[in-house]
Amino acid sequence: MSAITDSILESQCSDKLWLETPLIRSVHISSLLQSNVYLKFETLQPSQSFKHRGISFFAQNALRTHGPDVHLIIASGGNAGLAAACAAKVLKLRCTVYLPHGVSQSTIDFMRKEGAEVVVAGSYYLEALRRAEEAVQAEPKAVMIPAYDDPILWEGHSSMIHEIQRQLPKGTKPDAIFCSVGGGGLAGGVIEGCRAVGWDDVPLVAVETHGSNCFYQALSLNEGPFSGDVSSRQVFEGTRAERCHAHDVTVAHLSTLRSKATSLGASSASAAIVKKALNRKGGVRSICIPDEMAMQATLRFAEDHKTLVELACSATLAPAYKPSVFRRLVPVPETSQLATVVLVVCGGFKISLEDLVEYRRAVEADVAAGGDWDVAYNGETFTASKAE
């Protein structure tokens, strides 16, 4: 390559492709909880989710390593593919996204607008992944972009923690950081970022939905924050436990995903991230909630902040809209100061006005049926009022 080409390539690889998103104190949620609650708006990334950070960082590394002829390939249920498509367009790289059947036409159209080739293959994600892997094996210049289980991704995602440290009032360390968890990519970024800025002692609140909680189940299979002895804990029905000797942890493989929060739909969590979560000083507070509780949070957040978020994102917000749940996760400080927490509004494209209508009907019907919602927290179960 010429010196000019080398210079262009170096510029493409060194300039970050993600945006520094705003950190906003929520007056509404702060007042409800009598705490300082900050929202990290990853909805404003070019591909509309936090995945833009790690995946664009990975794409730049692929360009640096393999040159401008590299072909980026990814299997995705939506948001990761959008991030890959957006990054590839800026870097002028070929990108192919393998999707399972059922992904919305609006998502496919977004990818194609960004110049990606889209291949719909298989009835579910693992079938699309196999097709993507076959394509990578058949093409020397092809590189597979991982969905969540890679240190390069975590390093890219960790950039949000560096931003949060700068954006919070000077000298402020949060009492907890909340994020949703699927396979663990975002949690990996939060953990790595906290370690880098000296916040390893800050608790991580990891939120999932019932029926899509491979991270929660993995934690339950290891010594860690859950109550009781590991040997006394039963493996969930439909789950297979497998020992990962490389990271010395047991992970859970879910045979079926039943949650409507499809962006949390990983069948197993990253063993490396499970290990990091178990080892960190600040620990992990793992919570699982019903879909309807996440739906309710989507509706309340739309009303409060005039922002639509998909269920995988509103799961993070749901405990903050239930003071009784929030106080189990973040007790009242012993000092007179208010607690400070950060909620990662991770974003996602899988939301529409029609969805909000459906969510309202579902929540109203569930509330009318009476009873409370079951919430799982570090191996124990409690109830949350639907009307709170």
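This is a predicted model: local features need pLDDT of at least 70, side-chain atom pairs count only at pLDDT 80 or more; totals for chains, interfaces and linings use all residues.
Leucine 72 has cysteine 95 of E4 as its bridge partner. Both strands belong to an open sheet of 4 strands, ordered E5-E4-E3-E6 with parallel pairing, where two strands pair if DSSP finds at least two bridges between them. At the edges, pairing on one side only, are E5 (117-120) and E6 (142-144). From one strand to the next, the twist averages 25 degrees.

Helix H5 (residues 105-113) lies across E4 and E5, at about 150 degrees to E5. Contact means heavy atoms within 4.5 Å, and angles, from 0 to 180 degrees, are taken between N-to-C directions of lines fitted to C-alpha atoms, for helices over the stretch in contact.

A pocket is an open set of points on a 1 Å grid over the protein atoms alone, where a 1.4 Å probe fits, with protein on both sides within 12 Å along at least five of seven lines; lining residues have an atom within 4 Å of a point. Of its 22 lining residues, His210, Asn213, Tyr216, Gln217 and Phe236 are the closest to the centre. Helix H10 (214-220) and strand E14 (380-385) each supply at least two lining residues, with the largest share, 3 residues, coming from H10.

Residues are numbered from 1 along each chain as its sequence is written, and side-chain values use heavy atoms, leaving out hydrogens and water. Local features need pLDDT of at least 70 and side-chain atom pairs count only at pLDDT 80 or more, while totals for chains, interfaces and linings use all residues.
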